[in-house]
Amino acid sequence: MKKTPFYFLMLLCLLLASPGRAEVKLPAIVSSDMVLQRNTTVTLWGWADAGEKITIKASWLNAPLELKTDKGGNWKTEIKTTNNKSPQTIKITGDGSNILLENILFGEVWLCSGQSNMQQPLNGYTGQPTFGALEAISSSKNSNLRLFTVDRIGSKTPLKDVEKYTGWQAASPETVKDFSAIAYFYGQRLQEILDVPVGMIHTSWGGSSVQAWLSKEAMEDYQKVDLDGVDITKGTNHIPTALYNSMIHPLIPFTIKGALWYQGESNRGEPENYKKLFPAMVKDWRTRWNIGDFPFYYAQIAPYMYGDNEVFATADNSAFIRETQLQCLDLIPNSGMAVTMDIGDDYCIHPPKKKEVADRLLFNALNETYGFKTIDYAGPTFASFEAQDGGLLLKFDNAETGLFAYDELQGFEIAGKDKIFYPAEAMITDRKNILVKSAKVPTPAAVRYAWRNWIVGTLYDTNLLPASSFRTDDWDDATKAAK
């Protein structure tokens, strides 16, 4: 029978009316060149049609994995990795889909987040350098160090996938120059020391508040979150949950070893609130990743000339947020802190010594996560005091090998019960204690160290790890003597 034009028209209509099969899709973080956490169970996930059969063949497994998507077209599976250092492949097939992921490595995967001091690239900001950048960039070629960056974007609701990103890339002069300096320095040294592949995932936003990094469920334990009618493009980095939704949630459940964090400047005016929200954020992330209390290491904000350097007893003094960050060590299990009292910059909120920060974060990880117990990672921490010789004798934890100062100790102040602080003389005694006194305070009651927005720390242990600013009192109405 001769086929008429009407016949072909009907056939075309039937074809157009038939639902097509959706291709299997993967999140951006799951791709060729990625690093999977070694010698553990990791999660792979993605999307396709509801009820679609998917087969996963991994080069290191003896048998393929077979699974089906759920009613919403979602799929997720666990897969065991090894310590093999050779590049691996994963082949994912479905109805009409054939995905090949190549050059996959097993290694150590770290998430790096926070605000502008974590975001600062090796190339630095305009007029604000990163020390050691040229040397680091020129020698950066390393196929065993892989980098992934989530670009800055906010969302009112949790996203399934990151919308803007720079995919997995091997370290090279071209790829590292715009990558987080702290994340790069940390990853480069970790890769060198452990001699295994390392993957660094960078997701930070300059000026962001901690509230923006919590999920709605976690944030609403402290305040109501209603983003209806909110313009997400304005002040995005301060909108509660907005960065969690778009820059953290889409990365879950990609398996990580631990996280690095450098943030706090934007919350310095609310230290008591930060003491609640920061540990809540860490707990929130850990709960959602569901891989236990993974290591969480963070940098204490550095001294900086925030406005008036004479403020002493209000939250305008960043010593209060530094104190909060120190206290959070006791509130966040499996955590560590890099103190930066000696490497700030008085008029640049982005200190150029990023390698020193990365190294101090790394010392935490080497000792606490990777078992290098001979590596010191914590500077002196004030423990207690007692009256002695007309002054106060300060005692410290984490000072087993003694205290050290390059020159004379500075930045100590002492007060009596009147709560008026005077500049004080401080001297290391017995190599492990500090005697603080002033002729103007015959009966001292309290000591403060480095209790200023801007100051250069002078107290170290003998491994040259600095002490945090601290106070022996809990007064909220202290003053200092007039000049």
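**View A. The second largest pocket of this predicted model.** This pocket has a volume of about 350 Å³. Among the 20 residues that line the pocket, Phe412, Glu413, Pro423, Arg452 and Lys480 are the closest to its centre. For orientation, a pocket here is an open set of points on a 1 Å grid over the protein atoms alone, where a 1.4 Å probe fits, with protein on both sides within 12 Å along at least five of seven lines; lining residues have an atom within 4 Å of a point. Points are joined across faces, edges and corners, and the volume is the space filled by probe spheres set on them.

**View B. Strands around the second largest pocket.** The largest share, 3 residues, comes from β18. Helices (H or I, at least four residues) and strands (E, at least two) are DSSP runs, numbered from the N terminus. By class, the lining has 11 nonpolar, 3 polar and 6 charged residues. Ala, Val, Leu, Ile, Met, Phe, Trp, Tyr, Cys and Pro count as nonpolar, Asp, Glu, Lys and Arg as charged, and the others, Gly among them, as polar.

**View C. The largest pocket.** Its volume is about 560 Å³. Of its 26 lining residues, Leu326, Leu329, Met337, Thr381 and Asn398 are the closest to the centre.

**View D. What builds the lining of the largest pocket.** At least two residues each come from α9 (319–327), β13 (335–338), α10 (354–368), β14 (381–388) and β23 (470–471). Here β13 supplies the largest share, 4 residues. The lining divides into 12 nonpolar, 9 polar and 5 charged residues.

**Notes.** Residues are numbered from 1 along each chain as its sequence is written, and side-chain values use heavy atoms, leaving out hydrogens and water. In this predicted model, local features need pLDDT of at least 70 and side-chain atom pairs count only at pLDDT 80 or more, while totals for chains, interfaces and linings use all residues.
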